[in-house]
Amino acid sequence: MPIGDVKTSLDIIYKTTKKIIKDNKLPMMVGGEHLVTYAVIKALFKKYPNLHIIHLDAHTDLSESFLGMKFSHATFMRHVYNFVGDNKIYQFGIRSGDEKEFKWVKEGHVYQQKYDLNGLDEVVKKLKDVPVYIAIDLDVLDPSVFPGTGTPEPGGITYKELLCAFEQFSKLNKIVGADIVELSPMLDPSQTSTIVAAKSLRELILILQKQKQN
Ligand SMILES: [Mn+2]
């Protein structure tokens, strides 16, 4: 990635994802900055116009702009919304956002479960046979479990709860891509966060592997 060049980076991710899709493989993104997800979903949406997104995160990421930037980790899901449309995005674990975002959510554009993963089982039942993308911002975890991230928010879920979410995801029949993002190893000298991220990644890869065999 050309560091600091957002547009070129998104272009590279978009083109690479298109190639992965064309080769009949499943894109699995690892980060880093959550904005990477935008380009992957954009490429997947071309193939799956009925694409749904399950998004685990502490933050809404639904601002139209952040610090003057249109494309950032705090805005990407709003830009995803702009092409996937109403009732396609399902957010869980959310405990940070601004007033404008929460007001917009209340208008009913996206599904949002605050603080925890309650209701995920029902959403999984509903989305069982439609194309689903899974976006996991690891800051959905409590900072006591995962401090190595750029914008930690107290009051998050436990690792066991995340494991239960993976169990739910394994019931989906059509996962078409996934990501695990926002690990910043330098922010956690204990390296616990890196271990948590690696273990989460393993779980998600096993779920995608099962999808490939279907
Ligand atoms: Mn976040």
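## Contacts along the chain

Let's start with how the chain meets itself. Counting contacts (heavy atoms within 4.5 Å) between residues at least 6 apart in sequence, 72% join residues at least 24 apart.

This is a predicted model, where local features need pLDDT of at least 70, side-chain atom pairs count only at pLDDT 80 or more, and totals for chains, interfaces and linings use all residues. Residues are numbered from 1 along each chain as its sequence is written, and side-chain values use heavy atoms, with hydrogens and water left out.

## Helices, strands and overall size

The chain holds seven helices and six strands; these are DSSP runs numbered from the N terminus, with helices (H or I) of at least four residues and strands (E) of at least two. From the N terminus, the order is α-β-α-β-α-β-α-β-α-β-α-β-α. The radius of gyration, taken over C-alpha atoms, is 16 Å, close to the 17 Å from the globule rule (2.2 Å times the number of residues to the power 0.38) for 214 residues, so the chain is as compact as a globular protein of that length.

## Inside the fold

Now look inside: 52% of the 214 residues are buried, meaning under 20% relative accessible area with a 1.4 Å probe, protein chains only. A nonpolar core is a set of buried Ala, Val, Leu, Ile, Met, Phe, Trp, Tyr and Cys residues joined through side-chain atoms within 4.5 Å. The largest one has 33 residues, and Phe169 is among those with the most contacts inside it. Elements that each supply at least two residues of this core include β2 (52–56) and α7 (192–213).

Leaving aside residues up to four places away in sequence, Phe169 touches Ile54, Leu56, Leu120, Ile134, Ile136, Ile175 and Ile207. A second, separate core of 30 residues includes Ala43, Tyr48, Leu62 and Val110.

Technical notes
Buried means under 20% relative accessible area, exposed over 50%, partly exposed in between (1.4 Å probe, protein chains only).
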